[in-house]
Amino acid sequence: KQEVTQIPAALSVPEGENLVLNCSFTDSAIYNLQWFRQDPGKGLTSLLLIQSSQREQTSGRLNASLDKSSGRSTLYIAASQPGDSATYLCAVYNTDKLIFGTGTRLQVFP
Amino acid sequence: GAVVSQHPSWVICKSGTSVKIECRSLDFQATTMFWYRQFPKQSLMLMATSNEGSKATYEQGVEKDKFLINHASLTLSTLTVTSAHPEDSSFYICSAPTGDYINEKLFFGSGTQLSVL
């Protein structure tokens, strides 16, 4: 059974810092890995998708890497801003399901 | 990007009543939709996979008679919480792949906050 874990569970930083969010999964037979952002009481916004054959994806200040063999992904957020405050979820797609991680609650203060 | 609309955004109901939540794909056809449940400060847990024209596939531990799923068209899936109880209070959210979901992003509705009194 696929299990997805994220560390840290919570993070509070001053704006301007570069951040690293970690995601690990137990079954490396995945089709892809996605990173999402969720604001309180809201739905999810897809940030980045990394196919199983890819190593990383970049979008603006966000960069996600994938090491499928070791079951790990990392989301880098450069020059964090208060508007980045949200919960970040990674999710892996294997067989026919998208399994979510435990999430990292990020707070960036001015 | 693709749009998935979910309604209602929040609902308060009395214990024992049934609540229906709708999930619509607005600009694409979705033969499959996914229903998730999220308790406070927890991650999303897949409840079931909704399949157009056939029965839904439920995850282990999810009562299919309590959480009725109907996917009657290529753009609409509904989740009905039957005889709701306070422990069913949660955030319910649907999602739909736009096609080749192995390679494409999954789009989510805005979620429904259910509170059962």
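**Figure 1. Cys13(B), a buried cysteine of the predicted model.** Cys13(B) has a relative accessibility of 10% and therefore counts as buried (under 20% relative accessible area, with exposed being over 50% and partly exposed in between, for a 1.4 Å probe and protein chains only). The model is predicted, so local features need pLDDT of at least 70 and side-chain atom pairs count only at pLDDT 80 or more, whereas totals for chains, interfaces and linings use all residues. Residues are numbered from 1 along each chain as its sequence is written, chains are lettered from A and ligands numbered from 1 in the order in which they are written, and side-chain values use heavy atoms, with hydrogens and water left out.

**Figure 2. The disulfide of Cys23(B) and Cys94(B).** The sulfur atoms of Cys23(B) and Cys94(B) are joined at 2.0 Å. The torsion about this S-S bond is 85 degrees, and the link is right-handed. Cys23(B) belongs to strand 3 (residues 19-25) of chain B and Cys94(B) to strand 9 (residues 90-97), so the pair ties together parts that are 71 residues apart in sequence. Strands (E, at least two residues) and helices (H or I, at least four) are DSSP runs numbered from the N terminus. Both Cys23(B) and Cys94(B) are buried.

**Figure 3. The disulfide of Cys23(A) and Cys90(A).** In chain A, a disulfide links Cys23(A) and Cys90(A), with 2.0 Å between the sulfur atoms. Because Cys23(A) is in strand 3 (residues 19-25) and Cys90(A) in strand 9 (residues 86-94) of chain A, the pair connects parts that are 67 residues apart in sequence. The torsion about the S-S bond is about 75 degrees, so this disulfide is right-handed. Cys23(A) counts as buried at 2% relative accessibility, and Cys90(A) counts as buried at 0%. Over all chains, the count comes to two disulfides.

**Figure 4. The surroundings of Ser90(B).** Ser90(B) is placed in strand 9 of chain B. Its relative accessibility is 2%, so Ser90(B) counts as buried. When residues up to four places away in sequence are not counted, Ser90(B) touches Arg37(B), Gln38(B) and Phe39(B), as well as Thr112(B), Gln113(B) and Leu114(B).

**Figure 5. Leu117(B), in the segment after strand 11.** Leu117(B) lies in the segment that follows strand 11 (112-116) of chain B. With 65% relative accessibility, Leu117(B) counts as exposed. Leu117(B) and Phe39(B) are 78 residues apart along the chain, and their C-alpha atoms are separated by 16 Å.

**Figure 6. Chain B as the setting of the close-up views.** Chain B contains eleven strands and zero helices. Buried residues account for 49% of its 117 residues. Of the contacts in chain B between residues at least 6 apart in sequence, 53% join residues at least 24 apart. The C-alpha atoms of chain B fill a box of roughly 40 × 30 × 25 Å along the principal axes.

Note on methods:
Contact means heavy atoms within 4.5 Å. A disulfide is a pair of cysteine sulfur atoms within 2.5 Å.
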